[in-house]
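Please look over the structure below before reading on.

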Amino acid sequence: MTNGKDTLLECGFGYILQQLTSWKQMTLKDSLTVCVIPGDDAAPEAMAATLRVLKSLDVAISWDCLPEGSELLELDSNDREKFVIERINAASTVLFGATNGVTPGARYMRWGKSTYANVRPIKWLPGFNSPLHSPAGIDYVIVRENLEDMYVGIMGPASKLLEANLTDPRSHVPEDTADGRFAAKIITRSGTERVTRFACELATQRQNKITVSAKTNMLPATDKWFCEIAKEIVQEYPHLHYEEFIIDDLAHRLVMRPDELDVVLLPNLYGDILSDQGAGTIGGLGLAPSGCYGADFAYFEPAHGTAPDISGLGVINPTATLLSATLMFRHLGLFSAANRLDNAIRRVYTIGKELTQDQGGDSTTEEFADAVIGEL
Ligand code: ATP
């Protein structure tokens, strides 16, 4: 695993951010505290297994482990939120499971801490149970704008839009707006510029190529503008090759020609959806890590949700949470721990004897974790 891409991914996104922002150097702090938030449904099972692996790495980190969501329910929702936010603020960074709404903190870490770039590596490793015939070349990173787009939360009855006179002659206003609703999509220049710069720095450390995509043909006001701004910023990096596809074409390429992609920059909603699709091409949501980066804070979580359908069964695949921890270690400057963990995970998949059900095996979450510990 010494091709250029591997080396570049292993440089760590923390390095990129230090260049981009006034990042407070975590490595200069006397001690590192990681706030571990297990989350809800099956996510705490993945986190418990992950934590056992991380603790066996013997790194100089204090682990501040919060209770899982069902235990947090003893507090009322205000106290719960206050409690979790205080612990987030006291930590160097956060490893988060996933929430179904019971465990608070996700919104705070995202909008409260302005973590504008959601980095979602999609990389096939030998032993991953990909449905594709030849997944070997899949190794790209989705950089998803994390704060804007349709996630700004402006929604309401469609009649309000008409009252505000926001239509133009090209609008196709449905007849029955009285019984309709809208959700607003907001893209800003500054938000697009900063996430594009982030993606450009990442592309510079990988293959000098950036692919940008949105629904440019149908949504000129927002999506075409996003791509135009991105293109402008990429021109500040003359060594980068820029390519652009309409989002439906990109959806097709993720399956048909994923090996041609390297850094893929997307607005929020498309990034959310297509990163799950990308995870599907390498073998499923259990394999897809993520990190959310802002100017002075970052946190790490699997790309998947709480997997309620397998809660309590002890079969959730902790790989996505473990790989998120490798991103976290690199962010903290703990490169050796990140590499050891990465290599141990790779070996477990290459051997292929202790895999969870989603990967075609019959091992439990904890048995998989034991196998990783055995390879450390
Ligand atoms: P969210 O909306 O919170 O992102 P979601 O609706 O996308 O969540 P997930 O919780 O991500 O749903 O789960 C989707 C499917 O993938 C479920 O069948 C779930 O069991 C499966 N899944 C998700 N994560 C894992 C995992 N780590 N291991 C095994 N299966 C998983």
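A residue is called exposed when its relative accessible area is over 50%, and buried when that area is under 20%. Gly-374 has 61% relative accessibility, so Gly-374 counts as exposed. The model is predicted. Mean pLDDT for the protein chain is 92.

**Confidence**
- A pLDDT of 70 or more is reached by 92% of the residues in the chain.
- Residues 1–12 stay under 50 in pLDDT. The model gives this stretch 32 contacts beyond four places in sequence.
- Low pLDDT means the predicted coordinates should not be read in detail.

**Gly-374**
- Gly-374 lies in helix H14, which spans residues 365–375.
- In sequence, Gly-374 and Ser-56 are 318 residues apart. In space, their C-alpha atoms are 9.9 Å apart.

**Cysteines**
- How many disulfides does the structure hold? It holds zero.
- Cys-35 is in no disulfide. The nearest cysteine sulfur belongs to Cys-65, 8.4 Å away. The cut-off for a disulfide is 2.5 Å between sulfur atoms.
- Cys-35 has a relative accessible area of 0%, so Cys-35 is buried.
- Cys-227 is in no disulfide either. For Cys-227, the nearest cysteine sulfur is that of Cys-200, 13 Å away.
- Cys-227 counts as buried because its relative accessibility is 1%.

Conventions: Residues are numbered from 1 along each chain as its sequence is written. This is a predicted model: local features need pLDDT of at least 70, side-chain atom pairs count only at pLDDT 80 or more; totals for chains, interfaces and linings use all residues. Side-chain values use heavy atoms; hydrogens and water are left out. Helices (H or I, at least four residues) and strands (E, at least two) are DSSP runs, numbered from the N terminus. Buried means under 20% relative accessible area, exposed over 50%, partly exposed in between (1.4 Å probe, protein chains only). pLDDT is the predictor's confidence in each residue, from 0 to 100. Contact means heavy atoms within 4.5 Å.
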